[in-house]
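Please look through the structure shown below together with its sequence, and follow the paragraphs that come after it one region at a time.

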Amino acid sequence: MLIKVPSASDCKESDVTPESFYLSRRAVLGASLATLAVGSVPGWARAADMARYADVEASRAPGWLADKLAATQWGAVTVKDEAITPFKDATHYNNFYEFGADKGDPAQNAGALKTEPWSVVVDGEVDKPGRYALEDFMKPYQLEERIYRLRCVEAWSMVIPWIGFPISALLKQVEPTSKARFIRFETLQDPKSMPGQRSGFALIDWPYVEGLRLDEAMNPLAILAVGMYGRELANQNGAPLRLVVPWKYGFKSVKSIVRISLVSEQPKTTWQSIASDEYGFYANVNPTVDHPRWTQARERRLPSGLFSPNVRETQMFNGYSEQVASLYTGLDLRKNY
């Protein structure tokens, strides 16, 4: 399926981002926590394409993913006139509290995560529940490259080329019942490989949980991703399977998913449980609704330096208003933040 992003969503091949200060949630945690092709060698980016993602670390994808990469629809969704964030920034400036609270902790600690074998449970209000090996879970789906903006609630942002498939395709496969109104996503809980889950100071009640309304999940922009930058996901970016909902703050895009449940009631999500006055269920990017401790009217596009900050105005719904605003007709977005 080819999805063309309208001009209002268009994002510049010269606007890239480093890092400087960041507005983080560690106060809460601390108090208690244009086309890419695949070459003849499976899983490796072809040398001719490295100019696009120049700093991508070479890697070999699992066999099932290498086969799918060969048939990926590259550039299915793009952002116009915006630079893709360098791979090093995207993989070394992360929030993944299972591996630590600092931005560099995930890249430093996620190497211990074993992503093979991996299984995904689909349960709840579906006619076809089951536990699936990841390679079997992925069999029905055509992969697409989706270049999306990523906006963190901490007021920094990136542009990431994800590889994945629409959640709507999954829902078609598992057949939600008439009682299904929400989707609950759950991250791996494995303290042995995830040192952040062993930390005594974190307030997070593991596993990490996120959720979407069913109609949000059905929107064509919402995807499950298994790759980025023409290769498989890096562990610190949520390997081997993560959610990507580009019109919402990044904490909604739960990583390293092991369970997907269709439910009738709105799930209690992790950050909402920790600080409901700061992190609501919807978490739509909204420049008019500030975080209690900082403004959301502007964002720092990475890479960005302390003495040369790459600051820009925040767009409503992260620039995807034309695609998603209708989902919230009649909903008070200041109350339902």
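Ala155 counts as buried because its relative accessibility is 9%, below the 20% under which a residue is called buried. In this predicted model, Ala155 sits in the loop between β4 (144-151) and β5, and, although Ala155 is not a glycine, its phi is positive, at about 80 degrees. Most residues other than glycine have a negative phi, and most peptide bonds are trans. Ser256 also has a positive phi without being a glycine, with a value near 45 degrees; Ser256 belongs to the loop between β10 (242-244) and β11 (257-263), and it counts as buried because its relative accessibility is 0%.

Two peptide bonds call for attention as well. The bond that joins Glu116 and Pro117 is cis, with omega at about -5 degrees, and Pro117 is placed in the loop between α4 (105-109) and β2 (119-124). The bond from Leu302 to Pro303 is likewise cis, with omega near 0 degrees. Leu302 is found in the loop between β12 (298-301) and β13 (311-313), and Pro303 lies in the loop between β12 and β13 too. With a relative accessible area of 0%, Leu302 is buried, and its C-alpha is 9.2 Å from that of Tyr93, although 209 residues separate Leu302 and Tyr93 in sequence.

The protein chain exposes about 13700 Å², of which carbon and sulfur atoms supply 51%.

Which residues does Ile167 contact, once its neighbours within four places in sequence are left aside? They are Ile183, Phe185, Leu212, Ala217, Ala222, Ile223, Leu224 and Leu243.

Empty space remains to be considered. Rolling a probe the size of a water molecule over the atoms shows where empty space is left. The largest cavity holds about 290 Å³ of space and is lined by 23 residues, among which Asn95, Phe96, Arg242, Gly250 and Lys255 lie nearest its centre. Strand β5 supplies the largest share of this cavity's lining, with three residues, and by class the lining has 13 nonpolar, six polar and four charged residues.

The largest pocket contains about 270 Å³ of space, and, of the 19 residues that line it, Pro62, Thr115, Glu116, Glu232 and Pro240 lie nearest its centre. At least two lining residues come from each of α2 (63-69), α5 (134-137) and β9 (231-232), while the lining divides into 12 nonpolar, two polar and five charged residues. Glu116, one of the residues nearest the centre of the largest pocket, is also a partner in the cis bond to Pro117.

The second largest pocket has a volume of about 210 Å³. It is lined by 18 residues, and Tyr249, Glu278, Val289, Asp290 and Tyr337 are the closest to its centre. The lining of the second largest pocket divides into nine nonpolar, six polar and three charged residues.

Conventions:
Residues numbered from 1 in each chain as written. Predicted model: local features only at pLDDT ≥ 70, side-chain atom pairs only at ≥ 80, totals over all residues. Heavy atoms only, no water. Areas by Shrake-Rupley, 256 points an atom, 1.4 Å probe, with all protein chains shown as cover. 1 Å grid on protein atoms, 1.4 Å probe; cavity = no way out; pocket = protein on both sides within 12 Å on 5 of 7 lines; lining within 4 Å. Points joined across faces, edges and corners; volume = space filled by probe spheres on them. Helix = DSSP H or I, 4+ residues; strand = E, 2+ residues; numbered from the N terminus. Nonpolar A, V, L, I, M, F, W, Y, C, P; charged D, E, K, R; others polar. Contact = heavy atoms within 4.5 Å. Buried < 20%, exposed > 50% of the residue type's maximum accessible area, 1.4 Å probe, protein only.
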